[in-house]
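Okay, thanks for having me.

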Amino acid sequence: MKRSSPILAAAMAATLVIAPAGVWAQDDAPPPASPELSEGAEMLSEGMKLLLRGLLAESAEGWSKLVDWLDDLSQYEPPERLPNGDIIIRRKPPPGPDETEI
């Protein structure tokens, strides 16, 4: 089963939070809210905060793993596209005895 992107999930969550505000902005005032509706909205808001915090933590962990896996990008040449459409990224040759790294 393929996992969905944390960025996509965060974008969808933000859309759900922002969409009602856009609808209310068209009118001069939001509709009157009952106590149950206010409590539900508060619970939904808290749930969205928890969801976004979890997504942020998960994406930070994934980003850290990606950075560790890539190591130092200065060790690689820029990407090159071959005529058949493949993209290759070559490692730079190690510096010779006459060259010093800055």
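**Charges on show**

So, glutamate 80: with a relative accessibility of 35%, this one counts as partly exposed. Keep in mind that we're looking at a predicted model.

Who does glutamate 80 meet in a salt bridge? That would be arginine 90, with the side chains at 2.6 Å, N to O. Glutamate 80 sits in strand 1, residues 80-81, while arginine 90 is in the segment after strand 2 (87-88), so this pair ties together parts that are 10 residues apart in sequence. Arginine 90 is partly exposed too, at 45% relative accessibility.

How many salt bridges turn up if you search the whole structure? Two. The other partners to look at are glutamate 61 and lysine 65, whose side chains meet at 3.4 Å, N to O. Here both residues are in helix 2, four residues apart, which is about one turn of the helix. Is glutamate 61 buried or partly exposed? Partly exposed, with a relative accessible area of 48%. Lysine 65 comes in at 54%, and that makes it exposed, because the cut-off for exposed is over 50%.

Okay, last stop: the surface patch. Glu36, Glu39, Glu42 and Glu46 together form a negative one. Take Glu36 from that group: it's found in helix 2, which covers residues 35-70. Glutamate 36 is exposed, at 60% relative accessible area.

Key:
Residues are numbered from 1 along each chain as its sequence is written. This is a predicted model: local features need pLDDT of at least 70, side-chain atom pairs count only at pLDDT 80 or more; totals for chains, interfaces and linings use all residues. Side-chain values use heavy atoms; hydrogens and water are left out. Patches are made of residues with over 30% relative accessible area and no salt bridge: like charges are joined within 9 Å, nonpolar side chains (Val, Leu, Ile, Met, Phe, Trp, Tyr) within 5 Å. Accessible areas come from the Shrake-Rupley method with a 1.4 Å probe; for residues, only the protein chains shown count as cover. A salt bridge is a side-chain nitrogen of Lys or Arg within 4 Å of a carboxyl oxygen of Asp or Glu. Lys and Arg count as positive and Asp and Glu as negative; His and the chain ends are not counted. The place of a charge is taken as NZ of Lys, CZ of Arg, CG of Asp or CD of Glu. Helices (H or I, at least four residues) and strands (E, at least two) are DSSP runs, numbered from the N terminus. Buried means under 20% relative accessible area, exposed over 50%, partly exposed in between (1.4 Å probe, protein chains only).
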